[in-house]
Amino acid sequence: MSFQLSASLYVGDLHPSTTEMMVYEAFSQVGPVISVRICRHRLTRRSLGYGFVNFQNRHDGEFYLNKWPVTTTTSPGVTATCSLKLQRPLSRPRRG
């Protein structure tokens, strides 16, 4: 059985006013985005200036990094420093 690797793209140096929707709109132009998460302070809910974009497959994340430089302005208000981490899907325990 083969599994498709998803990709989690780290985005940093985000402006404090950047929203999840702004990031989603910017990165969904590359490929199907599963989710966007901007990390926030636990008490104040203020942006910590970084987050993650999860692509459906690794090729979309790799395409993004190959097409644009590591630091890029993807859309107005979304300037990001990016790095990619591939994620293997969770496998089910074997029955024996």
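Predicted model: local features only at pLDDT ≥ 70, side-chain atom pairs only at ≥ 80, totals over all residues.
**Exercise 1**

Work out whether Ser8 is buried or exposed, and find which side chain it contacts.

*Solution.* Start with the location: Ser8 belongs to strand β1, which covers residues 6-12. Next, check the accessibility. Buried means under 20% relative accessible area. Ser8 comes in at 8%, so it counts as buried. Finally, look for a partner: the side chain of Ser8 makes a polar contact of 3.1 Å with the side chain of Asn54.

**Exercise 2**

Decide how the rings of Tyr10 and Phe52 are arranged, and say where in the chain the two residues sit.

*Solution.* The model has four aromatic pairs by the ring-pair rule. Take Tyr10 and Phe52: their ring centres are 5.9 Å apart, and the planes meet at 65°. Planes over 60 degrees apart count as edge-to-face, so that's the label for this pair. Now place the residues: Tyr10 is in strand β1 and Phe52 is in strand β3 (residues 47-55). They're 42 residues apart, so the pair links distant parts of the chain. As for accessibility, Tyr10 is partly exposed at 31%, and Phe52 is partly exposed at 27%.

**Exercise 3**

Classify the ring pair formed by Tyr50 and Phe52, then name the cluster that these residues belong to.

*Solution.* Go through the geometry again. The ring centres of Tyr50 and Phe52 lie 6.3 Å apart with planes at 90°, so this pair is edge-to-face. Tyr50 has 29% relative accessibility and counts as partly exposed.

Technical notes
Residues numbered from 1 in each chain as written. Heavy atoms only, no water. Helix = DSSP H or I, 4+ residues; strand = E, 2+ residues; numbered from the N terminus. Buried < 20%, exposed > 50% of the residue type's maximum accessible area, 1.4 Å probe, protein only. Polar contact = N/O pair within 3.5 Å; in protein donor to acceptor, adjacent residues only side chain to side chain. Phe/Tyr/Trp six-rings, centres within 6.5 Å; stacked < 30°, edge-to-face > 60°.
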